[in-house]
Amino acid sequence: MKIPEIGTYVISFLIILALIFLLPRLMPGDPLTAICGDEVLVEMTPALKAELMHRFALDAPLWKQFFVYLTAMMHGDFGYSYYYNAPVLEVIFEALPWTLLLVGSSLVLSTVVSIIIGIESGWRRGKISDKFMLTTTMILNGFPNFFIGIILLLLFAVYLGCLPLQGAKTPYSGLSGINSMLDIARHLVLPLIALTLAQIPSSYLLMRNTMITTLKEPFVRTAKAKGLSEVAVRYKHAGRNAMLPIVTTTGVRVGIVVTGALFIEIIFSYPGVGLLSYNALLMRDYPILQGVFFIVAVFVILANFVVDLLYTKIDPRIGVDNAEYAH
Amino acid sequence: MHINYWHELIRNNFGKLGLAMLCFVLFIALFAPFLARYDPGEPSHAIFMPPSVDHWLGTNDIGQDIWSRLLCGAKNTLLVALGVGVFTTLLSTVIGASAALVGGIYDRILMRLIDALIVIPAFIVIILVAAYVLPNVWTLIFLISILTWQGGARLVRAQTLSLKERMSVYAARTFGANKRYIIVRHIIPNLSPILFAVFIHSATRGVFIEAGLAFLGIADISTVSWGLMMHHALRFYYLDVWKWWLIPTGLALSVTIMALVFIGHALETAMDPRLRVMEQEEWQ
């Protein structure tokens, strides 16, 4: 089995580290506010300034600053938000579960839906139903995720008023057990649908194209000739093999879904890291922004790495030296 | 095998529709000064006016005519599309083609860098950088291009590698063609379809990212940007203004992205031989 190129992921990680380190320090203006956020000015005293200058070693040469920054990160110190008056990590961890819930469920839902309609559409290639699905998704593809979110928000929450407008649960409702879970689910519906609708077109197109090429493979003809039922040929033989590209692009899709979640959370005021970073953007709360960026980027890099590891297991052809299969 | 890509694009229904929509947006962008009835930046006392004969799409919170702003926003969007498209394609071509042609350690280093960059979610990097830089249109085009060239470069590299091995190139070499001649006469002309595809994809991404950033509020306030208009309009969702402020702006943005997506899809179909044959059967 081939081991994925760990070096590549290490380089990605280093680029992220370097970016977060260099950005605030190379910008024109005061690096201290660029690192700590504008809110620090409110309580700035000469003593605090001296202490912060010392903590980030801002008067030392750049390489020394980088060393100090790395040491802090390795101790889990991602800085302090003067806006929330709390360590960055604490603030982020409070928001992270909501984002994970939204991103995770959307990733699963969009993958399953894309696979199914992709298989059906590819199987019915050229028929009316295929054309309909293709055209619909192509049109959907033109809508940016935040506009899909806005339309759903206006239609279902503002105009029809049948689903909650914002938040992840009803505040101070005192609900518990099953009721609280239903409440959370009700709040999740619109953001989840918005985010999922935005993901479906690209996955569906990929699935449909692979399905079409897979259907031309000899093994599909063999399966048909054996007299297998149509459903078995479509799903167990052709569909299963056509799923490979969808699986292997999961890592990239995680990055896209996370980015999409950022926008969707803002629209529905969903209290995840997207909303958190949006508020940080408005407040110039740079520590939070850097922290969210770091955690999201590392999460996406890890997801890519895991997918890379897994797909040699799913598709044995990738693990072996390709030359054997080349002819 | 020679395929007339322009012909393929016109034959494909999505391609046709996409081109028509893009021409429409282009027309609006070019003639906005004549079509607009008010100065898009001019505030007035008539705020939150519903649509009327004077103001086709009403006015916004500081009394600017929304219809005029909508027309004017097309220019900004297309400028970003063109800028990001050209600049990203240029970067992808120079980096991808040089990696394929030079080869060796240079190629290995660049490929490793591309692999590493592809894993990083580019949009989030752009948001972080833009939060510090606060870009105007030109710096934004530069920023988007410099952070999103990697996918295109990989495509260009792969295509150049396969072109390098073509019979015609071998033939030219046996006739004593030098490197420069081969690059200018054989590699670059044959790269053009893939470059056009890279251009369209980059332009689409550019429009989307510009709108997204502006929607987050990261934009030059003096420019008339659809994303920025949506950013402002969403704050007043509880009023009725979204019907003529938020929705038309979002639709204008979607139509532009849709046009580019359609063209991109048609190109992709034209370039994938397996799909091309079959889509022709389908869509005629």
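A residue is called buried when its relative accessible area is under 20%, exposed when that value is over 50%, and partly exposed in between, with a 1.4 Å probe and protein chains only. Helices are DSSP runs (H or I, at least four residues), numbered from the N terminus. This is a predicted model, in which local features need pLDDT of at least 70 and side-chain atom pairs count only at pLDDT 80 or more, while totals for chains, interfaces and linings use all residues. Residues are numbered from 1 along each chain as its sequence is written, chains are lettered from A in the order in which they are written, and side-chain values use heavy atoms, without hydrogens and water.

With these terms in hand, α13(A) can be described as mostly covered, since eight of its eleven residues are buried, among them Val273(A), Tyr278(A) and Leu281(A). Its buried residues pack against α5, α12 and α14 of chain A and also against α5 and α10 of chain B, where contact means heavy atoms within 4.5 Å. After α13(A) comes Arg284(A), which has a positive phi, near 55°.

How many residues does each chain bring to the contact? Chain A gives 59 residues and chain B gives 48 residues. The area buried between them, which is the accessible area (1.4 Å probe) that the two parts lose on being put together, summed over both, is about 4800 Å², and carbon and sulfur atoms give 81% of this area.

Technical notes: Helices (H or I, at least four residues) and strands (E, at least two) are DSSP runs, numbered from the N terminus.
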